[in-house]
Amino acid sequence: GLETIRFNPFPDQGGNQSFAIGLQNEDGDGLVISSLYGRERMNVFAKPIKGGKSEYELTEEEKEVILRAKV
């Protein structure tokens with residue numbers, strides 16, 4: 001499945017410019033792509049997902065988008 005969520009990681013800076021996208025197949029394999037937007041910079045992360053989990057630490061938003069992307 002495919003799911004996306006927008007959020008604001010820095011309450012004192014702008015609106016919901018950050019996002020996380022979760023992509024998974026029926027086995028729970030896929031990836032999550034997230035972007036954290038701030039005034040000074042924007043960071044983009046891609047983390048592999050295997051069986052609905054990642055070997056990398058996930059943010060709350062990334063965890064939520066993975067749950068919502070389940071097929």
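Is Ser34 buried or exposed, and what is its relative accessible area? I looked: Ser34 is buried at 3%, where buried means under 20% relative accessible area, exposed over 50% and partly exposed in between (1.4 Å probe, protein chains only).

Note on the source: I am working from a predicted model, in which local features need pLDDT of at least 70 and side-chain atom pairs count only at pLDDT 80 or more, while totals for chains, interfaces and linings use all residues. Residues are numbered from 1 along each chain as its sequence is written, and side-chain values use heavy atoms, with hydrogens and water left out.

**Ser34 and Glu62**

I placed Ser34 in strand 3 and Glu62 in helix 1; helices (H or I, at least four residues) and strands (E, at least two) are DSSP runs, numbered from the N terminus. Glu62 counts as buried too, at 1% relative accessibility. The two side chains make a polar contact at 2.6 Å, that is, a pair of N or O atoms within 3.5 Å; within protein, one must be able to donate a hydrogen and the other to accept it, and residues adjacent in sequence count only if both atoms are side-chain atoms. I also found a polar atom of the Glu62 side chain 2.8 Å from the backbone nitrogen of Thr59.

Next I listed contacts (heavy atoms within 4.5 Å). Beyond four places in sequence, Glu62 touches Ala20, Val32, Ser34, Lys47 and Glu57.

**Helix 1**

I checked which residues of helix 1 are buried: Glu62, Val65 and Ile66. Seen down the helix axis, they fall within an arc of 100°, so they line one face; the arc is that of the directions from the axis to the C-beta atoms. Exposed Glu60 and Leu67 sit on the face turned away from the buried side. The cover over the buried residues includes strand 1, strand 2 (18–24), strand 3 (30–37) and strand 4 (42–49).

**Core**

**A charge over a ring**

Last entry: the charged end of Lys47 sits over the Phe45 ring, 5.7 Å from its centre. The rule asks for NZ of Lys or CZ of Arg within 6 Å of the ring centre and within 35 degrees of the ring normal.
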